[in-house]
Amino acid sequence: MSYPLHFCFNLWVNCMGFHGKGTKDIKKNPGGTGFQPVQAFQITRRNLPHWQEPGRVYFITWRCKDGVVLNEKERTIALEAVRFWDTSKWIVYAAVILSDHVHLLSQPLPRGEGGFFDLSEIIHSVKSFSAQKISQRRGVKGAIWQDERYDRIVRDEVEFLEKWQYIRNNPLKEGLASQSEDYPWLYERGG
């Protein structure tokens, strides 16, 4: 089922209600823990730059380690991990888990003590939990996901709709389903 334009536009308008403004803060983040609330625009860097601005929506992609292919049960584990923090730390508008990568459209939520949840914190939790469960299921140790991810701040409602459609079409492009709705590892808010 394709969502009517007004439905997606209303989601965009509602999600931008969280949009915050702040000052630019650039820092190097080699990884690890100790995440602070995001209270202003900031840039962190591993191999790729990661921009965060309070209240913004992000298009996010991460891949499996070379040679790792997720089976059906493992895709379910990954999708459940993505959705675990939905409505408590972030809003997941759309997500798809494929055999070797993940795409999602999401928005970190405000924290109780001020600021917004750190995107890195949420993704670290999702990747760590799902990797542990998948490795356990396989009976092996080792990484499942690549360390790095790609994330992009969604600039406007046109891009929001474009990224949502990209996520919907990914299983079709990969030849995994004849209709988006038939792909079990596609999640769409309101669907």
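**View 1. Arg63 and Asp100 pair across the chain.** Arg63 is partly exposed, with a relative accessible area of 35%. Here buried means under 20% relative accessible area, exposed means over 50%, and partly exposed lies in between (1.4 Å probe, protein chains only). Asp100 is also partly exposed, at 26% relative accessibility. The two side chains meet in a salt bridge, at 3.2 Å from N to O. A salt bridge is a side-chain nitrogen of Lys or Arg within 4 Å of a carboxyl oxygen of Asp or Glu. The pair links distant parts of the chain: Arg63 sits in strand E4, Asp100 in the loop between E5 and E6, 37 residues apart. Side chains of opposite charge can pair when their charged atoms come close.

The model is predicted: local features need pLDDT of at least 70, side-chain atom pairs count only at pLDDT 80 or more, and totals for chains, interfaces and linings use all residues. Residues are numbered from 1 along each chain as its sequence is written, and side-chain values use heavy atoms, with hydrogens and water left out.

View 2. The chain has four helices and eight strands. Both are DSSP runs, numbered from the N terminus: helices are H or I with at least four residues, strands are E with at least two. Along the sequence the pattern reads α-β-β-β-β-α-β-β-α-β-α-β. Of the 191 residues, 49% are buried. The accessible surface comes to about 9,700 Å², by the Shrake-Rupley method with a 1.4 Å probe; for residues, only the protein chains shown count as cover. Carbon and sulfur atoms hold 51% of that surface. Now take the contacts, meaning heavy atoms within 4.5 Å. Among those with a separation of 6 or more, 69% join residues 24 or more positions apart.

**View 3. Five strands form an open sheet.** The strand order is E7-E4-E6-E5-E8, with antiparallel pairing. Two strands pair if DSSP finds at least two bridges between them. E7 and E8 stand at the edges with a single partner strand each, so one side of each has no neighbour in the sheet. The twist averages 20° from one strand to the next. Angles run from 0 to 180 degrees between N-to-C directions; axes are lines fitted to C-alpha atoms, for helices over the stretch in contact.

**View 4. E4 pairs with E6 and E7.** Six bridges join E4 to E6, and four join E4 to E7. Both pairs run antiparallel. Trp62 stands opposite Val102 in E6. Toward E7, Ile60 stands opposite Asp151, and Tyr58 has Ile153 as its bridge partner. Is E4 enclosed or open? Five of its six residues are buried, so E4 is largely enclosed by the rest of the structure.

**View 5. Side chains alternate along E7.** In a regular strand the side chains alternate between the two faces of the sheet. E7 covers residues 150-153. Asp151 and Ile153 point to one face and are buried.

View 6. H2 lies across E4, E5, E6 and E8, at about 165° to E5. H3 touches E4, E5, E6 and E7. The direction of H3 makes about 35° with that of E4.

**View 7. A nonpolar core gathers 45 residues.** This is the largest nonpolar core in the structure. Such a core is a set of buried Ala, Val, Leu, Ile, Met, Phe, Trp, Tyr and Cys residues joined through side-chain atoms within 4.5 Å. Trp62, Val82, Trp90, Leu105 and Trp145 have the most contacts inside the core. Elements that give two or more residues include H2 (72-84), H3 (119-138) and H4 (157-173). E5 gives the most, with eight residues. Trp90 touches residues including Ile60, Val82, Leu104 and Ile122. In soluble globular proteins, nonpolar side chains tend to be buried together.

View 8. Asp86 lies in the loop between H2 and E5, and Arg189 in the segment after E8, 103 residues apart. How exposed are the two residues? Asp86 counts as buried at 11% relative accessibility, and Arg189 counts as buried at 17%. The structure holds ten salt bridges. Elsewhere, a network of them links Lys89, Arg111 and Glu121.

Notes. Lists of a residue's contacts leave out its neighbours within four places in sequence.
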